[in-house]
Amino acid sequence: DLIKVRKGPDGKVDPDTISPLVNAAMLAHLGSHLSPPFFHPEHISEYKSTLQKNNSFVHENIDTIEQFDKVYEEFKTTKNTLFRGQREAKWRLYSKLQRLWISEKLYEANDYQTFLTQMVELGRETYSEPIQKLLKDKNVDTTNSIAVLAYLQHHDCPTPLLDRTYSFQNALYFAIDGLEPNKGTIEIEDYCSIYHIEEKYFEEGSLRKIMSDNLDILDARELKRMIDLISNGDQVKKRKMTEHFAGRRIFDRNKLNGSGLISHITKIEHLISYPISYFSDRDKDTGIVFSLNNSKNILNQQGVFTWNADQSKPIELVGDEQFRDGKTEEETQEYSFCSCFNIHKSLEHYIRKRLEVDGITKEFIYPTPGISTWEIFEKCKTKSTTAQQCI
């Protein structure tokens with residue numbers, strides 16, 4: 001029946017040549033692309049088409065130089081937007097550790113939380129000095145878990161963090177780095193991808209925002225307690241004091257860094273309870289600093305990080321589940337995790353030349369190529385396997 005299908009003079013399929021069996025098969029095939037990819041914790045899933053990708057992202061295909069130039073000029077100076085480049089549009093947003101956790105079947109002999117705890121401990125023991133080298137302050141908080149993971153992440157070690165950058169150009173570099181042409185006929189394999197989302201949407205769920213909001217609550221509570229104590233039942237005095245001290249802070253944010261609070265909050269045993277979080281040190285006025293700018297790679301790449309606590313779910317799936325929780329189907333119809341440009345791989349050489357003109361080269365992106373933290377991952381596997389054998 002497929003052999004009998006013919007095109008008409010207009011180049012479109014002649015409906016009279018489509019049998020009921022072919023029509024049913026094509027509708028079933030289309031239906032499979034209208035649903036998200038199959039997920040299983042022991043399987044790395046991918047998008048089968050740009051149509052299927054539409055379940056999680058608002059995306060646009062960039063197929064021509066003219067389309068690319070328009071996007072490049074619009075986004076190369078954009079601020080307060082987070083970008084991520086991936087060389088395959090079909091890839092879901094797994095962290096590198098998740099991919100290895102699944103492909104190497106590490107889940108068979110390891111507890112994920114224990115594995116991450118070991119990774120941080122080994123990373124801190126081995127790299128405390130280089131982690132603190134670029135930082136102005138050296139204190140207990142500068143080697144917190146996120147700072148250690150960020151350093152490891154930018155020097156080869158797989159971690160649960162997903163890199164993002166404030167730079168559209170940097171994201172482009174990663175999207176075409178190691179690019180392989182499509183050797184088949186599947187459309188989505190013709191594209192690499194740039195994901196983008198305004199920072200404010202991640203910032204709302206960031207650990208810094210949660211900590212800051214909780215401190216505000218403690219400020220208000222402690223201020224009220226002190227006013228009640230000092231006014232001693234005098235309502236006039238209480239009212240005047242309340243007006244005078246409105247908005248005042250009890251806890252000095254400038255003294256948070258180095259107090260040990262950030263190290264405590266970012267322990268893996270605490271982080272694991274946050275499905276998704278976001279870490280950036282751009283807004284230091286809050287006094288909550290995660291000491292992320294501890295590597296020249298991170299500085300040049302303008303790196304920021306998203307945390308995904310799940311050992312196997314890609315972050316867009318976690319985000320989708322979090323958003324849909326407690327909402328009706330109608331309320332979730334317009335939801336997308338973020339936006340995405342699918343850029344045709346045939347534009348690689350043109351893109352590379354544009355980036356080189358703007359100084360985005362391998363030497364700029366990786367200013368410290370001699371540092372590799374991969375052995376931390378290997379040691380964690382060995383340590384976990386040995387512990388399992390003892391048990």
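**View 1. An aromatic cluster in the predicted model.** Phe-68, Tyr-72, Phe-75, Phe-83, Phe-168, Phe-341 and Tyr-350 form one aromatic cluster. Rings of Phe, Tyr and Trp (its six-membered ring) pair if their centres lie within 6.5 Å; planes under 30 degrees apart count as stacked, over 60 as edge-to-face and the rest as tilted. By this rule the count comes to 21 aromatic pairs. This is a predicted model, with residues numbered from 1 along each chain as its sequence is written. Local features need pLDDT of at least 70, side-chain atom pairs count only at pLDDT 80 or more, totals for chains, interfaces and linings use all residues, and side-chain values use heavy atoms, with hydrogens and water left out.

**View 2. The ring pair Trp-101 and Phe-115.** The two ring centres are 5.3 Å apart and the planes stand at 75°, so Trp-101 and Phe-115 are edge-to-face. Trp-101 belongs to helix α4 (residues 96-103) and Phe-115 to helix α5 (residues 112-133), so the pair ties together parts that are 14 residues apart in sequence. Helices (H or I, at least four residues) and strands (E, at least two) are DSSP runs, numbered from the N terminus. Both Trp-101 and Phe-115 are buried. Buried means under 20% relative accessible area, exposed over 50%, and partly exposed in between (1.4 Å probe, protein chains only).

**View 3. The ring pair Tyr-173 and Tyr-366.** This aromatic pair is also edge-to-face, at 6.5 Å centre to centre with 70° between the planes. Tyr-173 sits in helix α7 (residues 168-176). Tyr-366 sits in the loop between α16 (362-365) and α17 (374-390). The pair links distant parts of the chain, 193 residues apart. Tyr-173 is buried, with a relative accessible area of 6%. Tyr-366 is partly exposed, at 29%.

View 4. Strand β2 (residues 81-86) is mostly covered, with 6 of its 6 residues buried. Thr-81, Phe-83 and Gly-85 point one way from β2. Leu-82, Arg-84 and Gln-86 point the other way. β2 pairs with strand β4 (residues 191-198) in the antiparallel sense, over 6 bridges. Two strands pair if DSSP finds at least two bridges between them. Phe-83, a member of the aromatic cluster, has His-196 in β4 as its bridge partner.

View 5. In strand β7 (residues 338-344), 5 of the 7 residues are buried, so β7 is largely enclosed by the rest of the structure. Strand β1 (residues 57-62) runs parallel to β7, joined by 6 bridges. Phe-57 has Cys-338 in β7 as its bridge partner. β4 runs antiparallel to β7, also through 6 bridges. Cys-192 stands opposite Ile-343 in β7.

**View 6. Helix α9 against helix α10.** The axes of α9 (residues 207-231) and α10 (residues 235-244) come within 9 Å and cross at roughly 145°. Axes are lines fitted to C-alpha atoms, for helices over the stretch in contact, and angles run from 0 to 180 degrees between N-to-C directions. Ile-227, Asp-228, Ile-230 and Ser-231 in α9 meet Lys-237, Lys-238, Met-241 and Thr-242 in α10. Contact means heavy atoms within 4.5 Å.

**View 7. The whole chain.** The protein chain has 17 helices and 7 strands. Its C-alpha trace spans about 90 × 55 × 55 Å along the principal axes. Buried residues make up 44% of the 391 residues.
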